[in-house]
Amino acid sequence: MQISKLAYYSLIALFICLSCTKDKGPFLPLENSSNKPISFQNKVQPIFNQHCVSCHDNIVYSGNLNLTNSNSYNNLVNVVSTAYSPNIRVVPSKPTNSVLLQKINNSNQFGQNMPISGSLSQQEINNIKEWINQGALNN
């Protein structure tokens, strides 16, 4: 049985339309990303308050970096590091390119590790890394 050209092209068009529908899953999580959003105000800022503001506040201002509540976000995200220019302190969605993560992750890539008083817990490091990975939102 011979298929007419119209039927043939109709079948091809139908096949193309059906193959271009949006995939509905299953979805895999992004690499190195959890499903839970990390809140800057609830998870990251408390780490700075506990471990960092003794040296990085509006009085001491070590490294030209103020990490107090109302200043930290604007001093970190997409801001060139004064000591390691042209590197950026926090590059949204790119934790390994962020000076902050390297400083707290004992990489020695950007001078002395932080905080000076000792290391952050692995959970605190993971929270900061995941916050950056999720786009370093001011939430």
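Residues are numbered from 1 along each chain as its sequence is written, and side-chain values use heavy atoms, with hydrogens and water left out. Because the model is predicted, local features need pLDDT of at least 70 and side-chain atom pairs count only at pLDDT 80 or more, whereas totals for chains, interfaces and linings use all residues.

Helices, which are DSSP runs of H or I with at least four residues, are numbered from the N terminus. Helix 2 (residues 40-51) contains 12 residues that should span 16 Å at 1.5 Å a residue, and the 15 Å between its end C-alpha atoms agrees with this; the expected span is 1.5 Å times one less than the number of residues. Buried positions (under 20% relative accessible area, with exposed meaning over 50% and partly exposed in between, for a 1.4 Å probe and protein chains only) in helix 2 are F40, V44, Q45, I47, F48 and H51. They cover an arc of only 145 degrees around the axis, taken from the directions from the helix axis to the C-beta atoms, and therefore lie on the same side of helix 2. N42 and Q50, on the other side of helix 2, are exposed. The cover over the buried residues includes helix 3, helix 4 and helix 5. At the start of helix 2, a side-chain oxygen of S39 comes to within 3.4 Å of the backbone nitrogen of Q41.

Helix 5 (residues 122-133) also has 12 residues, and its first and last C-alpha atoms are 16 Å apart, close to the expected 16 Å. Its buried residues are E124, I125, N127, I128, E130, W131, I132 and N133, and among the elements covering them are helix 2, helix 3 (72-76) and helix 4. Just after helix 5, G135 adopts a positive phi of about 110 degrees.

A polar atom of the Q102 side chain is 3.1 Å from the backbone oxygen of T96. Beyond four places in sequence, Q102 is in contact (heavy atoms within 4.5 Å) with P95, T96, S107, Q109, F110 and N113.

Apart from neighbours within four places in sequence, N106 touches N113 and S119, and the side chains of N106 and N113 are joined by a polar contact of 3.3 Å. The C-alpha atoms of N106 and L120 are 9.9 Å apart, at a sequence separation of 14 residues. A polar contact is a pair of N or O atoms within 3.5 Å; within protein, one must be able to donate a hydrogen and the other to accept it, and residues adjacent in sequence count only if both atoms are side-chain atoms.

Notes:
Helix = DSSP H or I, 4+ residues; strand = E, 2+ residues; numbered from the N terminus.
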